[in-house]
Amino acid sequence: MTNLNIIKSTYEGKTSEENGKNLAKYAAEDISWTEAKGFPYAGTYIGLENITKNVFSRLGSEWIDYKFTPEDYLTSDDKVVAYGTYAGIYKTTGKSFTARVAHVWKLKDGKIISFEQFVDSQTVNDAMK
């Protein structure tokens with residue numbers, strides 16, 4: 001499987017559960033995951049357990065229909081960039097948002113070793129107020 005296909009499998013499954021299983025399948029044990037400064041879940045998390053606890057569990061419990069819709073991908077050797085749009089509704093306020101975003105993935109030997117998010121965090125934060 002190519003690096004591009006690995007990353008696409010984390011976004012383009014039939015369900016978010018399928019996407020999560022694919023991420024778990026291809027994540028290196030010590031994967032580094034960085035949420036952008038200014039984003040509500042900002043920080044760098046090491047290992048899938050920490051990522052799930054600090055990012056995915058919160059997205060799943062605090063938002064309605066939170067999703068990333070990829071527009072396209074760029075690849076170069078061991079890197080894949082996915083860019084597109086986030087959207088969702090914050091449960092506490094009922095406010096929706098959309099935000100442009102890019103994800104930079106690095107892979108080694110068919111395993112995802114890092115992820116870094118670049119996003120317009122203001123619209124996300126506004127939905128939470």
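**View 1. The surroundings of F68 in a predicted model.** Leaving out residues up to four places away in sequence, F68 touches Y11, A82, Y83, G84, T85, Y86, V101 and H103. This close-up, like those that follow, is taken from a predicted model. F68 itself lies in strand β3. Is F68 buried or exposed? With a relative accessibility of 13%, F68 counts as buried, because buried means under 20% relative accessible area. For a sense of place, look across to E18: the C-alpha atoms of F68 and E18 are separated by 14 Å, and the two residues are 50 apart along the chain.

View 2. A search of the whole structure finds 15 aromatic pairs, and two of them are shown here. F68 and Y86 make an edge-to-face pair, with 5.8 Å from centre to centre and 75° between the planes. This pair links distant parts of the chain, since F68 sits in strand β3 and Y86 in strand β4 (residues 79-90), 18 residues apart. Both F68 and Y86 are buried. W105 and F115 also form an edge-to-face pair, here with 4.8 Å between the centres and 70° between the planes. Again distant parts of the chain are linked: W105 belongs to strand β5 and F115 to strand β6, 10 residues apart. How buried are the two partners? W105 has a relative accessible area of 2% and is therefore buried, and F115, at 3% relative accessibility, counts as buried too.

View 3. In what order do the 6 strands of the open sheet run? The order is β2-β1-β6-β5-β4-β3, with mixed pairing. At the edges are β2 (43-46) and β3 (63-76), each of which pairs on one side only. On average, neighbouring strands of this sheet are turned by 20° against each other, direction ignored.

**View 4. Strand β1 between its two partners.** Here you can follow β1 and both kinds of pairing. β1 (residues 27-35) pairs with β2 in the antiparallel sense over 4 bridges. In β2, G43 is the bridge partner of E35, and I46 of β2 stands opposite S32. With β6, β1 pairs in the parallel sense, over 4 bridges. The bridge partner of T34 in β6 is E116.

View 5. Which residues of α2 are buried? They are N19, N22, L23 and Y26. Seen down the axis of α2, these buried residues fall within an arc of 100°, so they line one face of the helix. The buried residues of α2 pack against α1 (3-9), β1, α3 (48-62), β5 and β6.

**View 6. The largest nonpolar core and the contacts of W63.** The largest nonpolar core has 33 residues. Within this core, I7, W63, W105 and I112 have the most contacts. Which element gives the core its largest share? That is β5, with 5 residues. As a general background, nonpolar side chains tend to be buried together in soluble globular proteins. Focus next on W63: neighbours within four places in sequence aside, W63 is in contact with Y41, R58, G88, I89, Y90, K91, F97, V124, A127 and M128.

View 7. Phi of D65 is near 55°, a positive value in a residue other than glycine. D65 lies in strand β3 and is exposed, with a relative accessible area of 61%. Where is D109 found? D109 is in the loop between β5 and β6. D109 too has a positive phi, of about 55°, although it is not a glycine. At a relative accessible area of 74%, D109 is exposed, because exposed means over 50%.

Definitions and conventions. Residues are numbered from 1 along each chain as its sequence is written. This is a predicted model: local features need pLDDT of at least 70, side-chain atom pairs count only at pLDDT 80 or more; totals for chains, interfaces and linings use all residues. Side-chain values use heavy atoms; hydrogens and water are left out. Two strands pair if DSSP finds at least two bridges between them. Helices (H or I, at least four residues) and strands (E, at least two) are DSSP runs, numbered from the N terminus. Axes are lines fitted to C-alpha atoms, for helices over the stretch in contact, and angles run from 0 to 180 degrees between N-to-C directions. Rings of Phe, Tyr and Trp (its six-membered ring) pair if their centres lie within 6.5 Å; planes under 30 degrees apart count as stacked, over 60 as edge-to-face and the rest as tilted. Buried means under 20% relative accessible area, exposed over 50%, partly exposed in between (1.4 Å probe, protein chains only). A nonpolar core is a set of buried Ala, Val, Leu, Ile, Met, Phe, Trp, Tyr and Cys residues joined through side-chain atoms within 4.5 Å. Contact means heavy atoms within 4.5 Å. The arc is that of the directions from the helix axis to the C-beta atoms.
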